[in-house]
Each structure stands twice: as structure tokens, then as C-alpha cells.
Amino acid sequence: MSTRPLFSFFGGVHPPMHKDVSTGQPIDVMPLAERYILPLHQNIGQPAKPVVSVGERVLKGQRIGHAEGYVSVALHAPTSGTIADIGAYPVPHPSGLSDNCIVMTADGADEWTECVALPDYENINPSHLRNIVREAGIVGLGGAGFPSFIKLNPGTHKKIDTLIMNGIECEPYITCDDMLMRERAAEIVAGIRIIRHALQANRVLIAIEDNKPQAIKSIEEAIRGESAMEVVACPTRYPQGSEKQLVEALTGKEIPSEALPLHVGIVVHNVGTAAAVYRAIMLGEPLTSRIITVTGGGVAQPRNVEARIGTVIEDILAHCGGPTAETRKLIMGGPMMGFALHSDRAPVVKTTNCLLAATAEEIPDRGPALPCIRCGACSDACPARLLPQQLFWYAQAKDLDKIQEYNLFDCIECGCCAYVCPSNIPLVHYYRFAKTEIWAREREKEKAELARQRFDFRQTRLEREKAERAARHKKKRDELHSEEPSAAPATETKKAAILAAMERAKKKKDAPRITPANTEALTPQQQQMIEEVEQRRRQSRPNPEQQSAASNGDK
Amino acid sequence: MEFRTASSPHNHVRTSVTTVMVRVLLGLVPGMIAWVYFFGTGLIVHLALALTTAYLAELALLAIRRKAIGLFLSDGSAAVTACLLVLALPPMAPWWISVTGTLFAIVVAKQLYGGLGFNPFNPAMAGYAMLLVSFPREMTIWTAPLSLAPQTLSFVDTVKAIFVQTLPDNITVDAVTMATPLDILKTELALEKTVAAITQTSPLFGSMSGIGWEWINGAFLLGGLWLIYKRVVSWHVPGSMLVSLGLISLIAHLIAPEQYVSPLFHLLSGATMLGAFFIATDPVTAPTTPRGRIVFGASIGALVFVIRSYGGYPDAVAFAVLLMNMVTPTLDYYTQPRVYGHKR
Ligand code: SF4
Ligand code: SF4
């Protein structure tokens, strides 16, 4: 029997779910397409580096991108065929930018490369398992896209008490995890066993929101007989699927600000990731496809499809009978945190969990904003227990110090505040803006710091030269006055002068400088966010709709 | 195909500022009905005057300040201000009382401070305070409860009385006006009478507080509870204000019952319930943090007791609220909730 969670998280909202739009049909495997576009940057961290050249024939599952740097994973061919091009193509990104992609032409054979399965994983060193998961190109499939192998590493000093499997799926419209749990529970549970083994976790909690009774039932059946593994049926509330909120709801613990769940002995993985891990270890198959919810009034046959990574969105929409003429917005992800795409010519990537083709009735344009009436609806809804109205106030005033005092960087951009705001203020938009401003300012400071260091260095050198000159003069004088050569003292003076100059420079460097909170020791996710917002900043001016919303209320 | 873009979240609740204001107005309806039942139709005349003035003033000021007129006129906040102000006025006050009061509230207390969301003081209460200080005589002549008045006025007579200050020949001013129970209590207590003696001799006192007032307060309580149920206001301000006023007056009453009326009398007199649920809860001028709201409400409760018992003005809600409006930013600053993942 599934249990209820013993704890709860603060705030949250209950948006209309629209889940049944896409759960009417079983998962549908997309037919082979002619062309696939594989962005090299699909995960948080560094992009993969191409290891194939144009014209080369590749097999399905063959590695075409190499993990470059620690926070990175490999990239594989989704089918057999030839590499048509490596270059800039549109990628799914809010900026509508192009980025480096490998373009493949399928040959129709869909021929697999050689796959090495490791069914006796229990006898394999966990670090080797991690490496396989990394080489299989697996990232968190819940939407964030953090390389999974890193979260299979418990570290040396920490014991993992709880492995939380995230099957919450709290965003409206999205049902890919739901359908996967309904149809492929055995694969998921097999994957969980592997992850649990790699982490040596004491117990496993599989968290599923109680609006998915069928998924709960099938997972329960699949875990029958497992020890210390249970399904927790959580009362539906957004954003329960967010890692921090899920940990709070299940264990009552809070992940310290700027830390990972690991710090409290917890690791969270998505259920879809577990299925991918199962395939990688037990079948030797790398990640080349995923389940994607295709939904909304803009497609005639909404459903879940299993699509190869790199499938062009246009193909997927067409397969589901869309986009219809009424389609106004195309959102990758859910309506709360997903981003709107300019066009459907970009491909789906490893983190694409949903394509929401929405009509104007489903997702109306945001009306004009009124001033904040300080009603507090936002702070009642904020799961991070922030004061969104104060953050808004300081974001508007461009008071970047004050806004950090109010813990802007603890905002998870869940959108609850903007969702409930009766004044219709695009609050999250302001927070993103403020974050990029702060990052930009930090970078300026870093540049200034670099310049200062250069200056110091030069100063040291000049002083040293001056000291040397003085020493030379003195030596000459001394030589004039006495016949005895005094080479040794001269070197001493020079050394002393250098030391003194270095000492001065060091003192200057060590003088305390003010660094704002939260911008040091960035996690890879934050680094990624910085890059993304930077790109957005450079590329996209706020579009007219946002602009009117943001500027109508005040000024 | 090309699509429209926007930043997340892409969906939104259907509640707007207008929804919030309309609900506040609906919450006022039971109290208004009770009011008209006990004090006659003067309220309706003043409501019409105040609403018209409020919207004309708002329109003019928005035009001068070059704001989106349609957007701001439809937010409903001017109607709420007008209603709250009128509910603080004597029902038979001359017409210019509600007009000047509303003008002051909308023009000075609201728009000149920057309009909706930017006013530090509750506009209705600012308007009321201005009237009380400037026109103390007009502001303290209260209508006699209809059940006690020897003669009653027709609607036409009421309109005449408000606009040209004349009463029908056969009706004297004394027949339709009386002091409020809180007023009488204050003046008589100053004459060293005991509470029991005062409430038993004056016909104005009912079983719980003043005739009519107990029902009016009860009706505002009802409307207020509905607002809490609808989540238009949180329980923090009204709850803490009523508990604090009740507790303090209970202690005083237990120590010296001949000088201090019962807590029930305080809770059901004057503007207590209107203040607790509709005035002190004005989001713009109250703190936004839960703890801040509790301190704010409790302080208003205490101030109401102090001003009623020792102050110069009979009812105290307006001044208590205005005083606490001044410390709202400070309260907000010192009562920030602990953020997720930060030290307890
Ligand atoms: S919900 Fe909107 S109007 Fe209300 S306090 Fe928050 S930002 Fe202001
Ligand atoms: S977007 Fe940020 S401020 Fe708004 S509710 Fe979510 S965490 Fe709180």
C-alpha cells in the first residue's frame, strides 16, 4: 500500500491540471524521420565535443559527441545514417538562437551499434557504473538536465540515507512520467535498483502525486517484495516536483541554501532517468530517445510519444495532428516553468518533457499589469518563503544590493507568485532580469579586479626596478668611495626591495573586499543559468507583450 | 510555423484586483443592510454622493497624471474607499461632508501619493480623520436608531435634510438625532457615573452594546468571515485585532467593572468589526508578512481600547489604523519570514 507523506512544504498553488488531455492513448513510438538535429549542448554544464566528421556513416547508439569536462555527458546517434553537417542550427531556447548541432540523415536501416550489457551490475565497482551512465549520455529527464552520473556519486564522507525517486510531475499538462510509470514500471524499478546500488542508499521513496492512481498502482505492483522501498502518494500541489520542495514534503528536512540534497543524506532522481539507467546498464543502450507529452488545443491527437532525441518539433507536431491554425504559443515544458518557442524548426533535446501547443483560450496573453497592492498572495504562495512583493519592489528600483538581502537567489523561478498575483505582474520576469543584472555587475567587478591585479603587478615591477636602480647607484657610489667590490650586499638589497614590494602588493590584495552573497561558488546549474540568461540578455529584448505588461502599471 | 512568446509562467489565476475589490464590496453588503435598517436611508444618499465624487476625482487625477484610465478606473478600489468612508460618517451629515471627505481621500491620500498601491495611509480613514478634525460638530451628530426615534423621515425628507439641511415642519432636530452609545459612555463616565448606571438609564443601550450597533457589527462580522473564507483577507489582522481588543477590555473590565465596559460592548460597538475586517485589512497600508500582520492587528486592538477609554475622540478605529499605517514598513522589515534552507 502506498503511504501518505508525513510532512508538507510551504506555499504552492493548484493550477488546473489538464492531464487527461494526453493520457487517453498509450505511448506512441514516432516513426523514423529523415533528418535529425542534435544540439551539442543538451545538459547543464559543458557541451559535448563532436567526434565525427561530415560525411561519416554512423550507427544507432554510436557516440557522436564526447563528454568534455566534468559536468558533461556523451551524445549519440539516434539512428543509423550519415553526418550531414556540423554547424549552427536553431535550438530550443527562449532566445530563439542557433547553436552548434550535428545534423544527421537517416539511412532507414536503423542499425544498432554494438551494445555491451552488464546484467551483473551488483559486482561492478560503482565508479565504473557511473562512468557507463555518463558515457550513455544520461541527464536528469525531469526537465533540469543535470548529468545523472554526478548524482550517482555519494561522495566519500556522506552516507545516503534516502533515495527519492521523483514521479511527482506537478506541472499542468505534462504526463510523460505518468505514462511511463503506467506502461514501463518494471524498467523503472530495475533502474531504481541500479541507482540504489550505486549509492548504497538505505531506503527508497518513490513519490507520485495522488492524481495518478494508475501510475501508483503499477509501480506498487512492480516493487512488491523489494525491501525498504515504498511509494508515497503525495497530495497534488505545484511545485511539489521541485527537488527542494519534494525533500521537504517527504522528509521534513530542508536543503541548506546553496547546497545539494546530498548534504542532508538524500539524492533525488527522476523516474524517467531510472528507466534510462536501466537501458544503459542492462541492455547497453545509450540515451537516444525519450517520452514527450504532446498536448494542448493546437494538436488534434494529443498523446505521449517516444521520440528520438534530435527529432524536429515540426515532425512531432505533425505526427499528432498539429499545429492547427489556432495555435498561438508553443511551449516546451509546462505552462508554469516552460519556455515559449519562436518556431517549431528546432529539435527536441534530452530535457524536452512536453510540447504544449496552446490556443489563445488555453494560454491567454498576459493582460496589462497594475501596481502591486501588497496583498501578500505571492508570499503566501512562494514555496521558498520569500517576499516576492519586496523582491519586485527592489527589482523595479534596480536596488541590486537590497534585492539580494531579500534572498533573490533562493528563488527557484517556480512562477507561483506571478500565477496568483491579482495585479497580473510578471514577477518572475523581473527576478530573472535582476539576476542577470547582478551577474553582469559581478563580471564587471571581476574585470576590474583583473585590471587591478595587473596594475599591482606593474607597480611591484616598477618599485623593484626603482629599488634596483637605487642599489646600482649606491653600488657605484660605494665603488667610487671604496675600492672594495660589494656585489653581495647589492643582491641583498635587491632581494629585500623585491620582498618589500611583494609584501605591499599582497597587503593590497588581501584587504577585505565586499562580495555579494550567493554569487561565489556557483553550482554548475547556476553557471548554466548564467550562461542562458546572458544569451537571453544579449539576444532578446523583452518582447512587446512583456514590455507592455511590465511598463503599463507604473512610471 | 511561428509562435508568440512570453516569459513564464504562462498561466494565471482568474483573480484580478477587480475581483478582490468586488468581493470586498460584497462583503460590506450585510452590514450596509443592517445599517439602513437601523439608521435609515441617509447611507444610500451619501453612498451615491461619495461614489460619484470618487470616480470623477479618480478620472480627473488619472487624466492629469497620464495613466491608463480604463485600466485603473475598473480596478474597483475607488468604490471601496468611498464605501468605507461613508460607513464612518453620520448618516444625516450634510452632503458636502461626504463630498469633501471623498475628495480628500482620493485626491490627497491616494492619487497624490502615487495612486493604487502607493498610498501609505488608508485613504478612507485619512478622509475621515480630516473631516473629524475640520468639522467636529457635523461629524458627531449621529442619527437616532429608527426604533427609538419618535418620528421617522421619509426618503425624500432624508434627501432634503442632507442637501439643504431642512427637516419637515413637524419634526425637530432632537427627534432624529442622538449621540452614539460610545459618546454617551465617554461623557457620562467623565461625570463619574458607573458603567452600570449609564447603560441602564440611557435607552440607547441594548443587551450587548448600543441598539442597532450590535446588529450592524454582527453583520460586518458575517461579511468579514466570508472574506476570510474567500481568501480575500487573511485571518491575521482581524483575528489579532479582535483578540487583543477583547483581552485588554476584559482585563480592564474585571479589574474595574464600574469604569470599563464589557469586552462584548467593545467588540460590538462603533466601527470595531468594520475596522477589523475591512479597514485594517486594506492590503496596501497593512504589513504583508504574517507576523507583521499579527503585530499590526494586535496593536490596533490595543490602541482602540486606549483611545476609546482615554482619548478625546469617541470612536478610535480610524486613528488607531492611521497610527499603525505609519509603522507598517518597519513591521515588514523586522518580521521577514525565514527563507527555505536558511538557518532557523
Ligand atoms: S501578489 Fe502581486 S499585488 Fe499581491 S503583493 Fe504580490 S506582487 Fe503585490
Ligand atoms: S518564482 Fe521565486 S519568488 Fe516566485 S513563488 Fe517561485 S520561488 Fe517564490
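**Ground rules.** I worked on a predicted model, where local features need pLDDT of at least 70, side-chain atom pairs count only at pLDDT 80 or more, and totals for chains, interfaces and linings use all residues. Residues are numbered from 1 along each chain as its sequence is written, chains are lettered from A and ligands numbered from 1 in the order written, and side-chain values use heavy atoms, without hydrogens and water.

**Interface, extent.** I looked up contacts, meaning heavy atoms within 4.5 Å. On chain A, 73 residues touch 42 residues of chain B. I then took the buried area, the accessible area (1.4 Å probe) that two parts lose on being put together, summed over both. It comes to about 4,900 Å², with 53% from carbon and sulfur atoms.

**Interface, charges.** I searched for salt bridges (a side-chain nitrogen of Lys or Arg within 4 Å of a carboxyl oxygen of Asp or Glu). Chains A and B share 4. One of them pairs Arg374(A) with Asp332(B), with the closest N and O atoms 3.1 Å apart.

I sorted its residues by class: 34 are nonpolar, 20 polar and 19 charged. Here Ala, Val, Leu, Ile, Met, Phe, Trp, Tyr, Cys and Pro count as nonpolar, Asp, Glu, Lys and Arg as charged, and the others, Gly among them, as polar.

**Ligand 1.** I listed the residues with a heavy atom within 4 Å of the ligand. Among them are Cys372(A), Cys375(A), Cys378(A) and Cys421(A). By class I noted 8 nonpolar, 3 polar and 1 charged residues.
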